[in-house]
Amino acid sequence: MNIIKKLELKKHMMTAISFFLPIVVAAGFLLAIGNIAGGETIVNFREGFTLADVCTTMGGYGLGLLPMIVATALGFSIADKPGIAPGLIVGMVASGIESGFLGGLVGGYLAGYITKMIIDWMKVPKWAEGLMPTLVIPFLSSLTAGLIMYYFIGTPVIWFTDILKSYLGNLDHSSLFFYGVIIGVLSSIDYGGAINKVVFAFVFTLFSEGIYEPITVLILASMVTPFGMTIAFFFQRLFRKNIYTKMEAETLKTAFPMGICQITEGCFPIVFNDLVKCVIATAVGGGIGGGLSMLWGADSHIPASGMFALPTMTKPLAFIGALVIGSLATAIVLFIIKKEVDPDEERVDFGIAEEEDIDFSDIKIS
Amino acid sequence: MNIVGIAACTAGVAHTYIAKEKLMKAGESRGHQVIIETQGLAGTQDQLTADDIASADIVVIATDIKVKGKHRFSGKKIVEVPTGLVVKSPNKLVEKLEEIHREKKK
């Protein structure tokens with residue numbers, strides 16, 4: 001257990017995700033705008049092209065880069081700068097053998113830890129010390145990680161994704177709904193935190209294999225909270241129960257447009273004022289919306305960008321339907337369980353007594 | 001005491017800045033001087049100066065990811081925590097920091 005903790009697998013994965021999120025967003029938006037405008041991938045630059053073609057092509061390039069970006073960022077996170085070279089090369093290997101995002105993930109960990117092992121453990125005579133960073137480390141780490149990818153890991157990774165693909169492709173209705181609920185709940189309850197990012201890595205693996213429904217659930221789940229909270233705001237006029245303070249209602253003005261772009265974080269000021277109840281409302285909405293979206297087969301062909309993903313779907317109505325029902329569920333639950341507040345109340349910070357106890361295994365002192 | 005540190009989360013949009021704010025508020029309410037650098041999606045902001053670090057009694061790194069420039073703190077007492085912990089229990093964390101600081105002095 002200690003060794004696993006020392007490897008810091010999660011922290012490296014989070015670093016990798018932090019590197020590729022901006023690329024996913026940029027590529028996703030480019031692809032969405034390109035597709036809306038009827039763009040096609042530019043095959044021959046000399047034959048001329050339209051603006052839409054440019055967007056589509058760049059979006060495609062961006063998404064195609066992702067196995068490499070993950071591998072590179074993992075290499076960098078684990079072994080610092082020396083991890084970048086093997087990460088890049090092994091990431092390309094992952095693309096080349098068509099092991100997709102999962103291959104990039106595995107390859108990146110390999111490249112990083114191998115590089116780190118070489119740096120930490122390989123002792124050379126004094127005359128060769130200068131050769132270590134310039135030649136030995138980049139060459140040896142790339143070669144070793146690449147060989148392992150080609151000869152050992154590549155095939156099982158491809159098997160695994162194939163099994164997953166055929167399994168998910170043949171789900172019946174009740175299990176479709178069930179998986180949708182799980183993805184919806186997990187990707188919404190921590191509002192874009194660590195759980196959401198792990199789910200993202202998983203559904204993105206499926207996305208890169210051409211299974212678009214799970215990532216659509218994640219897109220939807222990130223939007224349910226801001227939408228639901230906004231709907232709840234209109235409920236309070238309708239049913240004369242004040243659940244938001246004036247300050248909180250004010251944050252909705254930015255939280256809703258952010259929600260359209262699939263960013264949940266705008267809701268944070270409201271969420272942190274009443275964490276448990278908000279999480280319950282979010283989980284209910286995320287679960288119901290996710291289950292319906294999966295069941296009805298909403299399929300975003302881009303991995304992010306919220307409402308802008310709509311034109312890329314073959315069943316946009318399924319998405320809208322699931323989103324509306326999920327958001328309504330969040331709104332209703334939130335409206336019922338949230339206590340009535342005085343709209344002019346100032347936000348009070350919690351004192352030390354109400355705080356959660358610190359888990360000391362989370363703290364690292366050096 | 002003087003607390004310096006870095007905050008950085010996965011997406012670099014929200015937790016990073018909330019962790020900074022909570023830590024500063026909790027620290028200052030207990031009479032400490034707190035300076036936090038953020039490494040979010042917008043890059044490094046409020047970068048710590050050499051003077052800040054030299055006069056620091058303790059370093060807090062609130063992060064879920066690899067942070068830049070950790071070597072600047074060599075020789076200092078470094079406490080590394082996930083951002084979620086800072087967001088949930090800033091006051092308890094500051095209390096813990098005080099304890100670590102006292103032990104170091106002994």
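**Reading a two-chain predicted model**

User: Let's begin with helix H4 (residues 90-105) of chain B. Which strands does H4 lie across?

Analyst: This is a predicted model. H4 of chain B lies across strands of both chains: S1 of chain A, together with S1, S4 and S5 (78-81) of chain B. Its direction is given against one of them. H4 runs at about 145 degrees to S4(B).

User: And helix H1 (residues 15-29) of chain B? What does H1 lie across?

Analyst: H1 of chain B lies across S1 (2-8), S2 and S4 (58-63) of chain B. Its angle to S2(B) is about 175 degrees. Angles here run from 0 to 180 degrees between N-to-C directions, so the value carries direction too.

User: How do I read the sheet itself? In what order do the strands come?

Analyst: Read across the sheet, strand by strand. The order is S1(A)-S5(B)-S4(B)-S1(B)-S2(B)-S3(B). That makes six strands in an open sheet with mixed pairing. Now look for the edges. S1 (364-365) of chain A and S3 (43-45) of chain B each pair on one side only.

User: Now the contact between the chains. How many residues does each chain give?

Analyst: Chain B gives 25 residues and chain A gives 24. Next, ask which elements supply them. On the chain B side, H1, S5, H3 (83-88) and H4 each give two or more residues. H4(B) has the largest share, with five residues. Then check the classes. That side has 13 nonpolar, six polar and six charged residues.

User: Turning to chain A: how many helices and strands does chain A have?

Analyst: 13 helices and one strand. Of the 366 residues of chain A, 48% count as buried. Sequence separation is another view. Among contacts between residues at least 6 apart in sequence, 75% join residues at least 24 apart.

User: What does UniProt place on chain A?

Analyst: An unreviewed UniProt entry places the feature "transmembrane region" at several spans, including residues 278-297 and 317-337. Compare the record with the model. Residues 278-297 are 95% helix and 0% strand, with end C-alpha atoms 28 Å apart. Residues 317-337 are 100% helix and 0% strand, and their end C-alpha atoms lie 30 Å apart.

User: Last topic: backbone angles. What is the phi of A:Glu8?

Analyst: About 55 degrees, a positive value although A:Glu8 is not a glycine. Locate it next. A:Glu8 sits in the loop between H1 (2-7) and H2 (9-36) of chain A. A second case is A:Gln262, with phi near 65 degrees. A:Gln262 lies in the loop between H10 (246-260) and H11 (268-273) of chain A.

User: Why is A:Gln262 classed as buried?

Analyst: Count neighbours. A:Gln262 has 22 other C-beta atoms within 10 Å, and 20 or more count as buried. A:Glu8 has 15, so A:Glu8 is partly exposed.

Terms used:
Residues are numbered from 1 along each chain as its sequence is written. Chains are lettered from A and ligands numbered from 1 in the order in which they are written. This is a predicted model: local features need pLDDT of at least 70, side-chain atom pairs count only at pLDDT 80 or more; totals for chains, interfaces and linings use all residues. Two strands pair if DSSP finds at least two bridges between them. Helices (H or I, at least four residues) and strands (E, at least two) are DSSP runs, numbered from the N terminus. Two residues are in contact if their C-beta atoms, placed from the backbone, lie within 7 Å. A residue is buried if 20 or more other C-beta atoms lie within 10 Å of its own, exposed if 12 or fewer, and partly exposed in between; C-beta atoms are placed from the backbone. Ala, Val, Leu, Ile, Met, Phe, Trp, Tyr, Cys and Pro count as nonpolar, Asp, Glu, Lys and Arg as charged, and the others, Gly among them, as polar. UniProt positions are given in the numbering used here, feature names are shortened, and annotations may be inferred rather than shown by experiment.
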